[in-house]
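I opened this entry to record what I looked up, item by item. The sequence and the structure come first.

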Amino acid sequence: MTILRDLSVLWSLLHILILFMMLYRSRYSRKKTIVLTGITMGFLILLNMVGLILYGAEVMGKVFVLTCTLPSLLVFWLISKDRNGKFFFTFCLADTVALWIIVLTNVADFYLGGQQYILMFIGRMLLFPLVEWAAVRRLRRPYLELQESVAGGWGIFAAMTAFYYLLLAVKSNFPEVITKRPRELPAFFLILILMPLTYAVIFAALYRQLLLFRKRQSERILQEQKSALEIQLDNQQRIRKMKHDMKGHTAMLSGLLAAGKYQEAAGYLKVVETEVDNLSGQFCANPYLEAIFSYYSQKLQEAGADCRMDIQVGEEALPYVELCQILSNGLENALDAVKGLEKEKREVSVQVKFNRNHLLIRIRNKCSDDLHVEWGTVPATDKEGRDHGFGLATVKEMAERLDGEMFCYTENGNFVLDVVVSCLAFTKETQ
């Protein structure tokens, strides 16, 4: 019946990989990640299965950390997008959950299954898919969002999980397997019970951080909407005033023309034309984007920043909700960054233009010398003590909603935010 034991071990190793790959973020595409994982981890699984056949479960259980855990840790660390506490916590979480199932089914088979490995096989066949189903249904989406949005606090959780894994591994295998130490079983079962309770506390703390992040984002969005609406209201009031004053302008022009004062009438028309141009948009004709540009232009001027805007959009049917979110978050980050610089270094530039089938947005601002962001990476979203980060998650989300991408990097003392979105969907309306 050892074939059932060996198959259950192979099943367990495969599902450790599946559980981990559902929760971590790779730096490569899904296809490349699967290929790399299959090659490297396939070799490790084969190596451990050969060791299991040659030396038995008791010996391999004692060296499992060296033959599988540490090599797989190195492989996934090289593949992972996050090489910090996020990665180590996710890795230890998957390994600890898997080890918990392996140990529990091993003990249950020893005492209840008569060491026939039938109960072990059935238990592992059922428990691993059940855990993965629960992870997909309840954990995966919020956990990936946590990794994206929460920057701090992962190190202490990773350390707790790593020591818990070592405690479980040592307690179950040293100085000999736990089934040969019946006197220690009560304490061992207390450890097994303590593990899910510990993870419940960890995830409750992480979930509170996620809720706090969402709340801050919602408050920020509402504030941006409030500001945009206030600017729109102000523009509408100015338009109503202009319409009201138009009768006076008409009377004035009629009087000047009747008196033969043509030059004065022409000068007066230029003044009226300037007022109308201001009402129709200082930066662009789109009233929603105009509200954002006007608001932050004023804020940047108040901060003493040199602001240059090159807005090459007309009356196209733009997805203003997403674009306003992108622009407001990008400009808010730029405003926060330049406020911390010396006045002569406060510079911000904004470019918005069409390029074939794409709308290009670039926001560039001076930043502190110690800020370094590689192209393709995103600064952490912890705003305290940083020039950039908070709100970039929203920019990325809005860009992806428009089938686009966001890139940010630093060069020559500037932080650059580039957003490229597809305009095929909304340019069709103007054709």
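Is L54 buried or exposed? I looked it up, keeping in mind that this is a predicted model. L54 has a relative accessible area of 58%, and because the cut-off for exposed is over 50%, L54 counts as exposed. The residue sits in helix α2, which runs over residues 30–55.

**Nonpolar patch**

L54 belongs to a nonpolar surface patch of about 630 Å², together with L46, V50, I53, Y55 and V59. Helix α2 is the main contributor to this patch, giving five residues.

**Helix α6**

Next I checked the length of α6, residues 154–173. With 20 residues at 1.5 Å a residue, the helix should span 28 Å. I find its end C-alpha atoms 29 Å apart, which agrees.

I also listed the buried residues of α6: W154, F157, A158, T161, Y164, Y165, L168, A169, S172 and N173. They cover an arc of only 135° around the axis, so they lie on the same side of α6. Which exposed residues does the face turned away from the buried side carry? I noted I156 and F163 there.

**Strand pairing**

I followed the strands from β1. Strand β1 (residues 306–312) pairs with strand β2 (residues 347–355) in the parallel sense, over seven bridges. Strands β2 and β3 run antiparallel and are joined by eight bridges.

**Salt bridges**

How many salt bridges does the count come to? I get nine. Side chains of opposite charge can pair when their charged atoms come close.

R362 has 27% relative accessibility and counts as partly exposed. D418, at 12%, counts as buried, because buried means under 20%.

I then turned to E411 and R364, whose closest N and O atoms are 3.1 Å apart. I have E411 as partly exposed, at 32% relative accessibility. R364 is also partly exposed, with a relative accessible area of 22%.

The last pair I wrote up is R401 with E397, the closest N and O atoms being 3.5 Å apart. Both residues belong to helix α11 (residues 392–401), and because they are four residues apart, about one helical turn separates them. R401 is partly exposed, with a relative accessible area of 47%. E397 is likewise partly exposed, at 43% relative accessibility.

Which residues do salt bridges with shared partners join into one network? I noted K171, R181 and E184.

Key:
Residues numbered from 1 in each chain as written. Predicted model: local features only at pLDDT ≥ 70, side-chain atom pairs only at ≥ 80, totals over all residues. Heavy atoms only, no water. Helix = DSSP H or I, 4+ residues; strand = E, 2+ residues; numbered from the N terminus. Expected span 1.5 Å × (residues − 1). Buried < 20%, exposed > 50% of the residue type's maximum accessible area, 1.4 Å probe, protein only. Arc of directions from axis to C-beta. Salt bridge = Lys/Arg side-chain N within 4 Å of Asp/Glu carboxyl O. Pairing = 2+ DSSP bridges. Patch = residues over 30% accessible without salt bridge, like charges linked within 9 Å, V, L, I, M, F, W, Y side chains within 5 Å. Areas by Shrake-Rupley, 256 points an atom, 1.4 Å probe, with all protein chains shown as cover.
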